[in-house]
Amino acid sequence: VHFGNPSDRNVQSQPYIILERRQLIDRARAEARENGIENWEDISPDEDRASPGAEHRDGGDKVTELMYMWRDDEDSIWGYKCTRDSEIRRPWNMGVELYPIVWLNWDYVSGSYHGQAMITGLIPNQIFINKLWAMSMLSLMTTAYPKIIYDSTRIERWTNQIGQAIGVAGGDMGTAARAITPAQMSPQAAQFIELAIEQTNRNLGATDVSLGDARPDNTSAIVALQRAAATPSELTRQNLYKCVEDLSRIYAQFMAGFYGRRGVRVPTPESVRKAAAFAGEEPPESVPGEFDFAELRDMPMDLKLEVGASSYYSEIAAIQTLDNLLSQGKITAAQYLRRIPDGYVPDRRGLIRELEEAGTAGVPNAAL
């Protein structure tokens, strides 16, 4: 994806956007032929001119396809597709007023649309940890073991063989040889390695909770630990939610441009409700109807979506909550049995049926 203004990451403010991709030769030629391009046979593989990146070493007959999109004076998005040798589709009105692209970076960089990856900020930390490890290993290899020094004028040759006698030529044998105590490596090196790894993981959100090492005691602890683990990634999550909201606006544009007239379910009109009430019948919640989705273009909309993660679900947490509600008399035994997950109560439906036959299905547990 190439932005017309690489200093701005806002998609809809771009003067133009170019999409580059690799396409099979047969598909590119077929699309050009269907769009009435006379020289569609001139489309040929371009592996010799492709960049040497791994994405181009695909081993097949492919061609680089460019799609150029821009906005005209009436805020309509236009498109144009071509290769180096031929057009694939001449300029056409795409029928939407928003670029069909949403843009998300893990971390944004000021003055650039590229942003940076999560791993970029980890490189200095990794270099620091690697250096500490390497120097600690070198120190252990060179100074961790004791060394023997001896008087060469009194001992001709030293040997480390087990049980081998060493001859000393006179004098005090206590001063003929001795062992040098190895140097002590500072324990702070190992502490800093562990501290650097721990703090890096914590700042990235890779805590014991997110890694599954924590053992919460109750339902509240599960939710609390989950929220605490999600805090470091909250900004990235909000950016993702914003992209989903932008995507919904693009969907609305395509619905208005291409759905046309379709059958939908609409709320029951008041006249149908009155007719059903006069006939003594229950009116339906909705009735079949037809809607022209092109009317979405003329409808003033202030679109705001509440995008977020789904609720945390755990069978253990659900059972504990149901147990508390049942013991406090807030729900009946039948309500409890209908909501408990499968596999915990044998013949659950049979128990519900017996409660209904006994007339106690609607009586709270505290009143039984």
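A residue is called buried when its relative accessible area is under 20%, exposed when it is over 50%, and partly exposed in between. By that rule tryptophan 158, at 29% relative accessibility, is partly exposed. The protein described here is a predicted model. Its mean pLDDT is 82, and 85% of its residues reach 70 or more.

**Confidence**
- Confidence is highest in strand 4 (residues 77-82), where the mean is 95.
- Helix 4 (residues 219-230) has the lowest confidence, with a mean of 63.

**Aromatic rings**
- There are 10 aromatic pairs in the structure.
- In the pair of tyrosine 150 and tryptophan 158, the ring centres are 5.7 Å apart and the planes meet at 20 degrees, so the pair is stacked.
- Tyrosine 150 is partly exposed, at a relative accessible area of 34%, and tryptophan 158 is also partly exposed, at 29%.
- One aromatic cluster is made up of Tyr16, Tyr68, Trp70 and Trp78.

**Charges over rings**
- Arginine 33 places its charged end over the ring of tryptophan 40, at 4.8 Å from the ring centre.
- The face of tryptophan 92 has arginine 89 lying over it, 3.9 Å from the centre of the ring.

**Helix 5**
- Helix 5 covers residues 234-258, which makes 25 residues.
- An α-helix has 3.6 residues a turn, so residues three or four places apart point the same way.
- The buried residues of helix 5 are Thr236, Tyr241, Cys243, Glu245, Ser248, Ile250, Gln253 and Ala256.
- Glycine 260 follows helix 5 and has a positive phi, near 70 degrees.

**Salt bridges**
- Side chains of opposite charge can pair when their charged atoms come close.
- Across the whole structure, a search finds 14 salt bridges.
- One of them joins the side chains of arginine 90 and glutamate 38, with 3.1 Å from N to O.
- Arginine 90 belongs to strand 5 (residues 87-93), while glutamate 38 is in the loop between helix 1 (25-34) and strand 3 (62-71), so this pair ties together parts that are 52 residues apart in sequence.
- Arginine 90 is partly exposed, with a relative accessible area of 36%, whereas glutamate 38 counts as exposed, at 63%.
- Arginine 90 also forms a salt bridge with glutamate 87, where the closest N and O atoms are 3.5 Å apart.
- Glutamate 87 is partly exposed, at 26% relative accessibility.
- Another salt bridge links arginine 84 to aspartate 85, and its closest N and O atoms are 3.4 Å apart.
- Arginine 84 is partly exposed, at 36% relative accessibility, and aspartate 85 is partly exposed too, at 30%.

Technical notes
Residues numbered from 1 in each chain as written. Predicted model: local features only at pLDDT ≥ 70, side-chain atom pairs only at ≥ 80, totals over all residues. Heavy atoms only, no water. pLDDT = per-residue confidence, 0-100. Helix = DSSP H or I, 4+ residues; strand = E, 2+ residues; numbered from the N terminus. Phe/Tyr/Trp six-rings, centres within 6.5 Å; stacked < 30°, edge-to-face > 60°. Buried < 20%, exposed > 50% of the residue type's maximum accessible area, 1.4 Å probe, protein only. Lys NZ or Arg CZ within 6 Å of the ring centre and 35° of its normal. Expected span 1.5 Å × (residues − 1). Salt bridge = Lys/Arg side-chain N within 4 Å of Asp/Glu carboxyl O.
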